[in-house]
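Reader: Thanks for sitting down with me. Could you walk me through this model, one question at a time?

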Amino acid sequence: MKRIFAFLILLAILPACLWGCDTARPAEPSKGGEETSAEAESYPKGEETSVEAESHPKGEETSAEAENHPTEEPLPSISLRSMAELDELREMCSCTDEEVLQAYLWGIEGAGARNREDLQIFLSVVESLPVPELLSGEITWICYDNIYPDISTTENGVVFLSTQGENGDWTRIGYYVCEKDVPAALQAREEKGYFAESVIQEPFESRDGRIVVYAEMIREHPSGTGSTVTWMMTVDGILAEMVYYSKDVSGIRGETVLKTPVIGSLKKA
């Protein structure tokens, strides 16, 4: 009789034990690309990295950036922060020590350089660009952005070049190096209303014909200090967008600063 009673008690408590074990199971790993809570904390949606904040002031995304960054995940790029870094990249193009080369590749900002050939392509592209020199200062950013699926195809990407002036003014120019049909690209932007705020009605050329300006927009800077003048233009036939920041832009107009510009390059003399 005691054995039967003990057996009935065991049957009564067994389901409760099984239920407790089931609730104690660890959560299954996320599937199908779902991010964990740790990932969500590390990369809050909509927040940019410090590098992006330095290179792209908040509230001042160019049309190049808007069109070439359709997702939140940044695409590979190669970024340099000075002419000294460009000289270092030149040296690495011919470096024969594979360990030194690999260490350099791993340290390049943007994760877009995988081998020596990527460095050589980057160098050939940036050195080929005509650079309007509108203010005296230092080169602070050279970036081949949005390299996808890889730089060797040279079918994608925008090259950015920033100059910081001694008085606090700065310029940033984005070259649409892979845009083959410039008239179609300009028309598409016009249809999207990008030129709606333009203060010029007709395009104008620099005296040497190397620059053609199609639109000029003047906006207050989001910081509340100063303003920007943005030009959509071509330089030696390359579609480009140039931004000029100053505390006082009243004397900065395309007809003035782009009429007889000095056009240089990043090629080593």
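Reader: In which helix does Phe122 lie?

Author: Happy to start there. This is a predicted model, where local features need pLDDT of at least 70, side-chain atom pairs count only at pLDDT 80 or more, and totals for chains, interfaces and linings use all residues. Residues are numbered from 1 along each chain as its sequence is written, and side-chain values use heavy atoms, with hydrogens and water left out. Helices (DSSP runs of H or I, at least four residues) and strands (E, at least two) are numbered from the N terminus, and residues 116–127, with Phe122 among them, form helix H7.

Reader: Is Phe122 buried or exposed?

Author: Buried means under 20% relative accessible area, exposed over 50%, and partly exposed in between (1.4 Å probe, protein chains only). Leaving aside neighbours within four places in sequence, Phe122 has contacts (heavy atoms within 4.5 Å) that include Ile78, Leu80, Leu86 and Leu89. Its relative accessibility is 0%, so Phe122 counts as buried.

Reader: What separates the C-alpha atoms of Phe122 and Ser152?

Author: Along the chain, these two residues are 30 residues apart.

Reader: At what angle do the axes of H5 and H6 cross?

Author: Two packed helices are described by the angle between their axes and the distance between the axes. Here axes are lines fitted to C-alpha atoms, for helices over the stretch in contact, and angles run from 0 to 180 degrees between N-to-C directions. Glu85, Glu88, Leu89 and Met92 in H5 meet Val100, Leu101 and Tyr104 in H6. The axes of H5 (residues 83–93) and H6 (residues 98–107) come within 11 Å, and they cross at roughly 140 degrees.

Reader: Which residues of H8 are buried, and why do they line one face of the helix?

Author: An α-helix has 3.6 residues a turn, so residues three or four places apart point the same way. In H8 (residues 182–191), the buried residues are Val182, Ala185, Leu186 and Arg189. Seen down the axis, they fall within an arc of 95 degrees (taken from the directions from the helix axis to the C-beta atoms), so they line one face of H8.

Reader: Which exposed residues does the face of H8 turned away from its buried side carry?

Author: Let's look at the other side of that helix. The face turned away from the buried side of H8 carries two exposed residues, Pro183 and Glu191.
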